[in-house]
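Here is a note for a colleague who is opening this structure for the first time. Please read the points below with the model on screen.

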Amino acid sequence: MPYRFPEPRTEPKAPPRTAYLVASGDLRPAANVAGWPLQQQLEKAVTAALGDLGWTIVRAHEPEPEKGHGFIDSQRRGLEVFRTIPPEAPLVVAEAVWQYSHHVLAGLRTHRGPILTVANFDGSWPGLVGLLGLNAGLTKMGRDYSTLWSVDFTDDFFLDGLREWTGTGRITHDASHVRALPDLPPSEERDLGVALAEQLLADKAIVGVFDEGCMGMYNAIIDDELLNPLGIYKERLSQSALYAEMLRVPDDEADAARAWLESAGMRFETGTDEATELTDRQVREQLKMYVAALRIADDFGLDAVGIQYQQGLKDLAPASDLAEGLLNNVDRPPVTSRDGARVLYDGAPLPHFNEADEGVAVDALVTNRIWSAMGLDPATTLHDVRWGERYGDDFVWVWEISGSVPPSHLTGGYAGAVSMRQDPVYFPAGGGTIQGVSKPGEIVWSRLYLADGELHLDLGRATVVELPAEETARRSAATNPEWPIAHVVLHGIGRDQFMARHKANHAQLAYAPDAATADAALTAKAALFERLGVNVHLCGDVAL
């Protein structure tokens with residue numbers, strides 16, 4: 001019997017001055033349907049701008065009326081779409097919403113034409129967050145790309161960049177704010193960083209990962225071959241084990257944790273509708289997750305822990321955010337070992353890396369050790385780089401995450417924290433956040449990422465500023481009012497410089513009591529990462 005060979009495929013050819021457009025979306029149908037109108041506006045604006053340059057846009061996949069949207073909503077769908085795209089064609093990836101990068105990474109990895117990623121600079125949906133995550137994934141895989149963003153797609157920055165891309169296939173952005181770490185002069189901070197690095201290399205650390213690859217974040221997975229030389233090893237855990245441990249936590253333990261939080265001043269905005277409101281049952285389940293995470297961490301001797309939550313666990317349990325924020329705080333409800341003999345991680349955070357982002361895992365663990373050694377509050381958090389606008393003389397970023405912020409980072413601490421129902425579009429099982437306004441103060445921000453097969457750290461200084469209550473309310477309402485918000489002013493970095501450079505959807509931050517102490521902590525952190533062999537880059541105005 002003759003063998004059946006596959007039919008030869010003829011590669012499609014693109015007409016001249018024609019770009020193809022794809023849109024990666026969410027895996028959750030409700031999110032895709034809700035974000036589709038804004039995506040249509042984005043695509044209309046990009047199509048018009050290219051048309052003014054004499055170019056034609058061909059949408060590579062038609063909207064699907066039965067689904068109610070036109071996003072690529074699975075990796076399989078992405079493979080199907082890319083088979084129809086001419087491999088040499090200029091390609092635009094347009095993102096107005098959060099997207100799962102792995103839906104399109106297979107096609108982008110082998111596409112031979114120039115790639116442009118585009119987002120609308122708008123906080124109402126997390127399109128910028130999706131863009132940065134996708135860019136970080138392309139950087140990790142070593143795929144050349146260009147990137148642009150705009151409020152209304154009529155500004156000179158966007159139009160000049162688009163003109164450059166159509167003419168040359170690439171866009172050059174201003175990176176003058178970035179420089180390599182110079183030789184550090186002798187100081188106690190340098191010596192501290194080196195000593196802590198050598199301790200980590202000798203004694204090693206374990207980060208527990210409750211399932212990798214949250215929401216298609218290819219950029220958030222760091223292979224063992226790169227982690228292990230830092231002295232950091234993974235304990236691969238299953239979210240099913242976390243859920244099973246939650247089932248073993250008695251109601252009275254979770255209720256005691258809630259009573260502790262309420263006595264500290266935290267409020268819970270509860271109702272009775274499980275589908276749309278935060279309920280007492282959901283809060284109880286969230287606090288069982290908090291107890292369960294600490295007990296599993298104790299079982300395995302973990303130095304940090306990350307819970308994916310999306311996908312899978314979101315269909316079984318309320319949101320992980322309340323547990324995550326509490327874990328990152330020094331002062332939190334006590335949890336004992338199963339026999340009641342020991343308080344677990346007493347008087348210290350158990351650093352949690354939201355959404356199982358392993359770049360954050362390394363960063364949070366290192367920051368915890370430096371800040372603790374310096375006698376500072378070691379609480380850390382990651383934020384989505386969500387959006388921003390000018391206020392007065394400054395460009396003030398809105399950094400938000402879905403709730404996993406330690407209360408010590410909020411104005412008023414627990415008294416400034418309120419738990420509010422997560423959006424049912426993303427969180428069908430409910431659960432509450434730790435909502436509040438980040439306190440004004442000096443911070444060190446950072447991001448660990450992969451490029452050219454090596455680990456890199458971007459490191460800088462910023463100030464969290466206080467805005468008038470009405471401006472905070474406006475910004476919060478324009479994004480996600482149930483999420484905690486930080487008003488961030490980066491030192492010496494413009495909006496477009498940061499967007500072009502940042503290789504992640506997340507940014508890590510930690511507070512210091514004043515500018516001089518923040519500078520000292522940054523120096524120690526730079527020295528530690530340099531000793532570990534990470535490529536350290538200083539961004540913006542940094543005093544060493």
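1. Two strands are said to pair if DSSP finds at least two bridges between them, and helices (H or I, at least four residues) and strands (E, at least two) are DSSP runs, numbered from the N terminus. In these terms, five bridges join strand β3 (residues 91-95) to strand β4 (residues 115-120), and the two run parallel; L91 has I115 of β4 as its bridge partner.

2. A word on the origin of the values: this is a predicted model, in which local features need pLDDT of at least 70 and side-chain atom pairs count only at pLDDT 80 or more, while totals for chains, interfaces and linings use all residues. Residues are numbered from 1 along each chain as its sequence is written, and side-chain values use heavy atoms, with hydrogens and water left out.

3. Contact here means heavy atoms within 4.5 Å; axes are lines fitted to C-alpha atoms, for helices over the stretch in contact, and angles run from 0 to 180 degrees between N-to-C directions.

4. How do helices α9 and α10 cross? The axes of α9 (residues 251-263) and α10 (residues 280-300) come within 8 Å and cross at roughly 100°, which means that α9 is roughly perpendicular to α10, a term for angles of 65 to 115 degrees. Among the residues making the contact are A254, A257 and L261 of α9, and V283, L287 and V291 of α10. By class, the contact has six nonpolar, no polar and eight charged residues, where Asp, Glu, Lys and Arg count as charged, Ala, Val, Leu, Ile, Met, Phe, Trp, Tyr, Cys and Pro as nonpolar, and the others, Gly among them, as polar.

5. A nonpolar core is a set of buried Ala, Val, Leu, Ile, Met, Phe, Trp, Tyr and Cys residues joined through side-chain atoms within 4.5 Å; buried means under 20% relative accessible area, exposed over 50%, and partly exposed in between (1.4 Å probe, protein chains only). The largest such core has 115 residues, and those with the most contacts inside it are V92 and L242; α10 gives the most to this core, with 10 residues. Leaving aside neighbours within four places in sequence, V92 is in contact with residues including A19, L21, I57, V118 and W165. A second, separate core of 29 residues includes L131, W399, W445 and A500.

6. Helix α10 also holds Q282, which counts as buried because its relative accessibility is 0%. Beyond its neighbours within four places in sequence, Q282 is in contact with E274, E277, P318, R421, A429, G430 and G431.

7. Some backbone values deserve a look, since most residues other than glycine have a negative phi, and most peptide bonds are trans. The bond from Q310 to Q311 is cis, with omega near -5°, and Q311 lies in the loop between β10 (304-307) and α11 (321-327). K204, not a glycine, has a positive phi of about 70°; it sits in the loop between α6 (188-203) and β7 (205-210) and is partly exposed at 40% relative accessibility.

Conventions:
Parallel < 35°, antiparallel > 145°, perpendicular 65-115°, else oblique.
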